[in-house]
Structure formats: C-alpha cells, structure tokens
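Please read the following points with the sequence and the model side by side.

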Amino acid sequence: MAQKDKQNQDKGHSSHEMYAAREKIHPREVKGIFQNLRILSVIALLGIYYGLPWLQWGERQAVLFDLPARQFHVFGLTFWPQDFVFLALLLIIAALSLFFFTALAGRLWCGYACPQTVWTELFMWIERWTEGPRQKRIKLDRSPWSREKILRRGSKHLLWILLGLWTGLTFVGYFTPISELTTRAAAFDLGPWETFWSLFYGFATWGNAGFLREQVCIYMCPYARFQSAMFDRNTLIISYDEERGEPRGGRPRGIDPKEKGMGDCIDCNLCVQACPTGIDIRQGLQYECIACAACIDACNQVMDKMEYPRGLIRYTTENALEGNPSRVLRPRVLIYGLLLLILIAGAITGISLRSEVNMEVLADRNVMYREVDFHTVENVYSLRILNKSMEARSFRLEVSGLDDVEVLTRPEVIQLGPGGTDNINARVRVPRDQVSGPGNPIEFTLVAEDDPSVQSRSRARFHGPSPE
Amino acid sequence: MATNEPKKDPRLLRLLGSTLWPSFLVAGMASGVFFASIDPEALRLETLPGVEISRMAGYTIGFFMFWLVGLASSLLTVLLLGSVGSRGR
Ligand code: SF4
Ligand code: SF4
C-alpha cells in the first residue's frame with residue numbers, strides 16, 4: 001500500500017514537469033550576507049513592479065504605456081512613436097549594461113535581478129511558509145494525501161494562483177489606468193484584451209516561478225547560453241577552492257585537518273542542498289549555476305561552526321584561484337563602460353533637447369510644380385504636425401532657402417490641442433526668376449507662437465521649371 | 001502501470017518548449033519595433049478601410065502573426081535538425 005502510494009506520488013509528481021524526468025528541487029533555506037542582499041533586491045524589485053503603476057503624476061498615472069493613444073508616459077515625460085529612437089537607445093543601453101556587468105561580475109543579473117529569479121524566490125517564500133522547510137517539504141511530497149497535506153498543498157496553490165492573478169493584473173495596469181482596472185476587475189468587467197493579457201501574464205508567472213523554476217534557466221533562457229562569451233579569467237565567479245577543500249571528508253569537530261591530511265571541505269553537502277539549480281559547485285563552474293551565492297552562505301555557516309576561515313566557496317576570479325593577480329579594469333570592461341557612458345549621455349541630452357513639436361513633410365507627388373501666374377511658381381506640400389506638449393498651442397509655418405519665398409497655410413495659424421495632430425497643406429511660392437530646375441533645397445520651420453524656442457525644422461525640395 | 005504513461009511524453013513538451021518559447025520572445029520584440037513605427041490604425045486605413053478594428057485588436061493580431069511566423073520557423077528548424085519525431089534519436 002505504502003509502495004503504491006509512493007508510485008502514485010511519483011507519477012503525480014512528474015505530471016507537471018515540463019521536461020524529462022527531473023527530481024523536484026527543494027532548496028534548503030540558508031542565511032547569510034548574500035541571501036540578505038538577494039532578499040533586499042527581491043523586495044526592492046517586486047516593490048517597484050507592484051507599486052509603480054499606483055503612483056500618480058498630477059492628473060494621471062505616473063508610468064503608463066497608453067497603447068490605444070500611442071503615448072508613453074514616464075513621470076513628467078511623454079514619448080510618442082516619433083521618439084522611437086529613444087526606445088531603441090534604451091534597449092541598446094540595457095543590453096550593453098548586461099554585457100558590462102557580466103564581464104565584470106558574471107551572472108550578477110541571474111542571481112539578483114532576473115524576473116525569473118525574483119518571482120521564483122517569492123513563490124518559494126510562499127512554499128516555505130505553507131509547507132515548511134526543506135525536510136518537511138520532501139516528507140510532504142512522499143507522504144500520502146492526508147488532511148494536512150491537502151491543507152498545506154491547497155493553501156500553497158491558492159496563494160500562488162492569487163499571486164499570479166494579481167501579477168497579471170498589475171502587468172496590464174501598466175497599459176490601462178490601474179485604479180480603474182482593478183475596480184472593473186473586481187466587478188468582473190474587464191475587456192477582452194485586458195482579460196487575455198492579465199491571464200496570460202499571470203499564467204506565465206505562475207508556471208515559471210511555481211513549477212518550471214531552474215528549468216527556465218537551463219532550457220529556455222537565451223542569456224544563460226551566451227553569457228559565457230562575455231566571461232574571461234578576470235570575471236567574478238562563484239567558485240569552490242579546490243586547493244583548500246580537497247581531500248574532503250567527514251571528521252569530528254576540533255581536530256586539525258592538516259594533521260590528518262584532509263582539506264577543509266567536511267563533505268556535509270549543504271552547498272548542494274542549498275542550490276536552487278541542484279548542482280554541486282565543487283565540480284567546478286557549470287552553466288546551470290545562476291550565481292545566487294546560496295552555496296557561499298551555506299558553506300560559510302559550516303566554516304563558522306567548524307571554526308575554519310570563511311570563503312571555501314566564494315566570489316573569486318579564475319586568475320585569483322590560480323594565484324595570479326586579477327585585473328578589474330581591462331580593455332573589455334573599459335570599452336563596454338565607455339560605450340555605455342556615451343550612450344547614456346546621448347540619451348539624456350537627446351531627451352532633454354527633445355522638441356515639443358514634430359513635423360513631417362511630404363511633397364505632393366502628383367504635380368511637381370504649378371505656375372500660379374507668369375511670375376510665380378508654386379509647390380504644394382502636405383505636413384503632418386504633432387503637438388507633443390501637454391498644453392494647447394498655436395504654430396506658424398515659415399520657410400527659407402530661396403529668395404523671396406513665401407508660404408501659405410490655411411488656416412494661417414495652426415492650432416493644436418495637447419497631444420493633437422493635424423494634416424496641413426502648405427503652398428510655397430517663389431518668383432519664377434529665383435528658381436531653376438528641380439530639387440532646390442528649402443527648409444520649413446514650424447514655430448510656436450507663445451515660445452519661439454519650441455520649433456521643428458524639416459528639409460524639403462522645391463521644384464521649378466527647367467530653364468529653356 | 002506507473003512506468004508507461006505516453007501522454008506525458010517529455011519530448012512533446014520539450015518540442016513545445018523549444019518552439020513556442022523562442023518564437024514568443026522574438027514576436028514580443030518584433031511587435032514592439034514594428035508597432036513603434038507603424039500605427040495599426042494607419043495600416044487598417046490603407047488596407048481594410050471598411051472593417052472596424054481597434055488599435056488594441058491591431059496590436060494583438062500583429063503579435064500573434066509574428067508569433068505564428070516565428071513558431072513555423074522554429075518548427076521547421078526542429079524538423080530539419082531531426083531531434084524530434086519518430087525517427088529522431
Ligand atoms: S539563466 Fe536566464 S532565466 Fe535564469 S536567472 Fe539567469 S537570466 Fe534569468
Ligand atoms: S552553485 Fe551556488 S551559486 Fe550556483 S546556483 Fe548553486 S547555490 Fe547558487
């Protein structure tokens with residue numbers, strides 16, 4: 001009977017494993033500096049994620065990616081599709097910072113900041129809280145279904161599902177004003193897109209952080225595959241000091257390992273039990289290792305107990321392990337860092353110099369030019385104007401580049417509400433003796449009436465009749 | 001009885017993991033870049049002015065189109081690599 005239960009248990013167990021049979025990993029909880037740092041970073045990052053949409057900025061949500069209106073609000077700034085270059089710049093900066101930090105400190109991202117790690121940690125806290133510490137969880141896995149097991153398992157899954165739903169809703173809250181969204185969600189009155197995306201994101205969080213966990217890192221994450229390309233012998237890694245630890249072996253407390261010809265590793269396996277990806281760091285650097293430093297803290301606890309010096313497992317570099325000096329400032333790091341600085345400076349200046357008005361000029365493709373009368377040639381352009389500021393403004397169009405050129409728009413003063421766009425026809429007239437042939441460069445300038453510094457320039461070509 | 005349960009074939013799940021997931025990532029990026037420069041509303045006016053499609057619907061359709069295209073390509077890759085399927089080893 002007990003045998004059968006175990007079999008059933010094993011079966012039920014593997015049913016939610018995405019990949020080949022895998023032992024469920026129950027990492028042991030450890031305490032130490034690095035785990036405290038990780039807890040801090042998890043709380044900070046999740047605090048930002050869940051809290052940010054609730055911040056108000058004046059009349060509106062501080063961070064809101066308003067897709068239907070095609071405007072991104074980030075605190076005091078509003079970005080338009082015309083500002084796409086900043087989004088691209090932001091992505092490049094993000095990628096480059098990843099390179100920079102990876103070259104410098106290895107998989108810092110994985111251990112402390114990756115959403116996968118952060119949410120897994122949160123889900124594990126719930127697991128620990130409902131099902132108890134490692135030993136108890138393993139026992140619970142093996143035990144037959146009882147009232148207690150149902151209660152513990154049930155409350156874990158309930159909390160997980162609620163958390164997943166809330167996470168999904170928060171995600172949609174970045175795209176739809178969240179206070180209104182939650183009110184409508186409470187009344188089961190969400191639109192189809194909102195329902196779909198919140199369930200989708202919630203489901204992904206629940207599945208990835210609750211069940212897949214380290215398998216995401218091992219099988220699904222592209223970063224885990226290419227990060228090693230940014231490593232060199234001076235990159236900070238987490239490593240076991242083989243020289244010092246071997247030969248490993250159990251021993252009573254208080255003896256001098258040197259006398260017995262032993263190393264400092266007492267082979268207690270705590271570092272293995274603590275590892276969320278289930279590897280043994282003593283076998284060397286493995287690509288499954290997400291550099292969470294749990295094994296460092298676990299091992300340091302043991303070293304303290306044994307009254308050995310700490311750091312049998314520690315942050316170090318390949319060079320340091322071999323007794324060579326490590327260099328922090330090396331060409332790779334300097335180049336990444338320099339590029340990063342330039343890009344960040346560029347993005348900041350670009351954003352602060354961003355014009356509050358945008359204009360695109362299209363020449364009328366049907367007619368090259370028109371002779372208004374015997375003395376004057378006319379070209380027609382179609383202008384698309386966008387007022388990016390949050391106040392209504394009036395603009396006037398000017399043109400330069402040819403002598404005696406003039407421009408007519410109707411209306412003469414173009415009025416645009418906050419965030420408004422308009423298509424305007426502009427007729428540019430030039431005396432016939434001032435132009436010859438096609439392709440004369442001219443420049444349009446759109447100037448705000450209340451503030452001449454708010455303007456947008458655009459080049460265009462003016463076509464005239466070829467001289468006979 | 002506990003040993004043979006063909007329904008939970010890990011290969012199938014693995015196949016999904018190595019096709020659905022990368023195409024999802026790429027579709028996310030592609031729709032970001034695409035819709036940052038192209039307004040689905042403008043696209044609709046150019047192509048199907050008679051049909052009412054909201055912007056949100058436009059984004060979603062676009063995202064799933066990218067996803068499907070990526071998925072098709074990933075599936076072909078898996079097929080050509082021959083790592084999955086009855087003859088694969
Ligand atoms: S391996 Fe990938 S998914 Fe896992 S923690 Fe690192 S970046 Fe995140
Ligand atoms: S080996 Fe250590 S640092 Fe690496 S994942 Fe395991 S516990 Fe974390």
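1. A salt bridge is counted here when a side-chain nitrogen of Lys or Arg lies within 4 Å of a carboxyl oxygen of Asp or Glu. By that rule, the structure holds 35 salt bridges over all chains. This is a predicted model, in which local features need pLDDT of at least 70 and side-chain atom pairs count only at pLDDT 80 or more, while totals for chains, interfaces and linings use all residues. Side-chain values use heavy atoms, with hydrogens and water left out, residues are numbered from 1 along each chain as its sequence is written, and chains are lettered from A and ligands numbered from 1 in the order of writing.

2. Consider E318(A) and R233(A), whose side chains meet in a salt bridge with an N to O distance of 3.2 Å. E318(A) lies in helix 15 (residues 318-321) of chain A and R233(A) in the loop between helix 11 (222-226) and strand 6 (237-240) of chain A, so the pair ties together parts that are 85 residues apart in sequence. Helices (H or I, at least four residues) and strands (E, at least two) are DSSP runs, numbered from the N terminus. E318(A) is partly exposed at 31% relative accessible area, and R233(A) is partly exposed at 38%. For these words, buried means under 20% relative accessible area, exposed over 50%, and partly exposed in between, with a 1.4 Å probe and protein chains only.

3. In the salt bridge between E378(A) and R429(A), the closest N and O atoms are 2.7 Å apart. Because E378(A) belongs to strand 10 (residues 376-387) and R429(A) to strand 14 (residues 421-431) of chain A, this pair ties together parts that are 51 residues apart in sequence. Is E378(A) buried or exposed? With a relative accessibility of 1%, E378(A) counts as buried.

4. E41(B) is partly exposed at 24%, whereas R44(B), at 10% relative accessibility, counts as buried.

5. Salt bridges can also be followed through a network, which here links E127(A), E131(A), R137(A), D141(A), R153(A), K156(A) and R213(A).
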